[in-house]
Amino acid sequence: MSDEFDVIVIGGGPAGYPAALRAAQLGLSVACIDDWKNTDGSQSFGGTCLNAGCIPSKALLESSEWYHRAQHEFAAHGITLTGASFDLAQMQKRKNTIVKTSTQGILGLFKAAKVTPLPGHGRLLAAHRVEYTPADGAKRLLTGKAIVLASGSVPMALPSVPFDGGRVLDSWGALDMTEVPKRLGVIGAGVIGLELGSVWRRLGSEVVVLEALDGFLPMADQQVAQEARKQLSKQGLDIRLSAKVTGAEVSSAGVNLAYTDATGSHTLSVDRVVVAIGRRARTEGLLADNTGVVVNARGVIEVDAQCRTAVPTVYAVGDCVRGPMLAHKAKEEGVMVAELIAGHYGAVDYANVPSVIYTTPEIAWVGLTEEQVKASGRAYKVGVFPFMASGRARAMEAGSGFSKVIAAVDDDALLGVHVIGPMAGELIAEAVMAMSYSASTEDLQRIMHAHPTLSEGLHEAALAADKRAIDYPNR
Ligand code: FAD
Ligand code: AMP
């Protein structure tokens, strides 16, 4: 096998594998190195997202949601179901099969595109040189005209509550539990904490979420955040804000978590803890000394808007660089650098990156929050349309939440779109497209939406911004 490639990609997650595939589509010879290790010691491509993130979490969210509906929502439809129960082993087996199909799918894509998969560790030595170490330890020196660093991220540890793989888990461990803990503590009310907390709450755990900040979902529109907190609390998630976890006492009986809030010091006794306080870029072992690639004080690889590092032949994409740690952002960056390397045009529209939280109700947005628009001083208008006014949402027994459109008064530009409700993650795609094409509120108002669909809610919210909503009183 040749040790010379046009492009060498280090990392086979949602940043790296699309970079490899796009570069191959454009006629370049490509190798993709990845050192992901499964719990059984095997390697698979797909990174955090496919192996231990987006995909397994969505599989368990789906299964637990079905169980929740069977218990709590079937009756409203006139369906009687007595003694609903679940088999966690089957749920986990289903999830693991989905993961395997997804990760093996990448190998299939690599084969079809003639990308060379190199399972093992990669280390950048110099502008064109990479050291590749496979499982057998026999190091090889590879040469690439261009190199893409896509090393991703790892869970952030809380020094006072160290991971032990048993009682104190990271997000991966939380996806692999084989029994439902009676009491589960979740540290961090971010996206991952809320999604994983929801899974185990629906399956019967008493879940307490401890969040150090005073505000709930500070990055989201606060009208949405308030509604989310209300709905999640109703489902039994005990969300405690301003609660800073300071330590843990782990014993065979469980974990006593120590935390402080405005009223003083407290202890919370739980069976297991999930530490979900965020993720950090992974760069350990990635760079030899003096490569010229700059890593900042937070361990993030420094890049420009087109993901170029300080070394002209080396690019970096995905979670290991600045910006939101999201798989779709990682993918667009991977594709962009492949196009740039091949001599084409490439760009990522960072202003229109959608955010989705896959709780029930789902939460999704693109653009600015009302708080951000207000702070900018620009005159704006807001249209809100609640799902309870949507015939389709009512038919789905999913009438909570709303769609919200924020637009500029001067030129009618859409500034932000926020949805909390059924299928919000799917609905937001329309808003992303509208904003990517610089649509005005009027453009959204003039587009015909099929009836009865959830997407009408977005249409009506756009109309409501000009007090023209038809299906809900204008205020
Ligand atoms: P990663 O997916 O982390 O991939 C990096 C890969 O590179 C890994 O396989 C790693 O082993 C390998 N690697 C690193 N260094 C080296 C080296 N030196 N040599 C060889 N290989 C190396 N995002 C969403 O957009 N939607 C979601 O719903 C979502 N859900 C999530 C749920 C959970 C529980 C978690 C933990 C994350 C979730 N994310 C979600 C975030 C998403 O997983 C990441 O943003 C995404 O995986 C980033 O892709 P990446 O390719 O940059 O990094
Ligand atoms: P995210 O960055 O979206 O994954 O969210 C992680 C959350 O964990 C943030 O909202 C942090 O404020 C929170 N967090 C970090 N450290 C602690 C801590 N010691 N106790 C409680 N919450 C924390």
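Select Asp 271 in this predicted model and display its surroundings: beyond its neighbours within four places in sequence, Asp 271 is in contact with Arg 167, Pro 181, Lys 182, Arg 183, Ala 253, Gly 254 and Val 255. The residue sits in the loop that links strand S14 (264-270) and strand S15 (272-275). Asp 271 counts as buried because its relative accessible area is 17%, below the 20% cut-off.

The backbone nitrogen of Arg 183 is 2.7 Å from a polar atom of the Asp 271 side chain. For the backbone nitrogen of Lys 182, the distance to a polar atom of that side chain is 3.4 Å.

Now move to the sheet. Colour its 5 strands in the order S18-S19-S22-S21-S20; the sheet is open and the pairing antiparallel. At its edges are strand S18 (355-357) and strand S20 (380-386), each of which pairs on one side only. On average, neighbouring strands here are turned by 10 degrees against each other, direction ignored.

Strand S19 (residues 362-367) runs antiparallel to S18 and is joined to S18 by 3 bridges. To find one of the pairs, pick Ser 355, whose bridge partner in S19 is Trp 365.

Select residues 424-436 for helix H11, which lies across S18, S19 and strand S22 (414-421) and runs at about 10 degrees to S19. Finish with residues 456-464, helix H13: this helix lies across S20, strand S21 (402-408) and S22, at about 140 degrees to S20.

Technical notes
Residues are numbered from 1 along each chain as its sequence is written. Chains are lettered from A and ligands numbered from 1 in the order in which they are written. This is a predicted model: local features need pLDDT of at least 70, side-chain atom pairs count only at pLDDT 80 or more; totals for chains, interfaces and linings use all residues. Side-chain values use heavy atoms; hydrogens and water are left out. Two strands pair if DSSP finds at least two bridges between them. Helices (H or I, at least four residues) and strands (E, at least two) are DSSP runs, numbered from the N terminus. Axes are lines fitted to C-alpha atoms, for helices over the stretch in contact, and angles run from 0 to 180 degrees between N-to-C directions. Contact means heavy atoms within 4.5 Å. Buried means under 20% relative accessible area, exposed over 50%, partly exposed in between (1.4 Å probe, protein chains only). A polar contact is a pair of N or O atoms within 3.5 Å; within protein, one must be able to donate a hydrogen and the other to accept it, and residues adjacent in sequence count only if both atoms are side-chain atoms.
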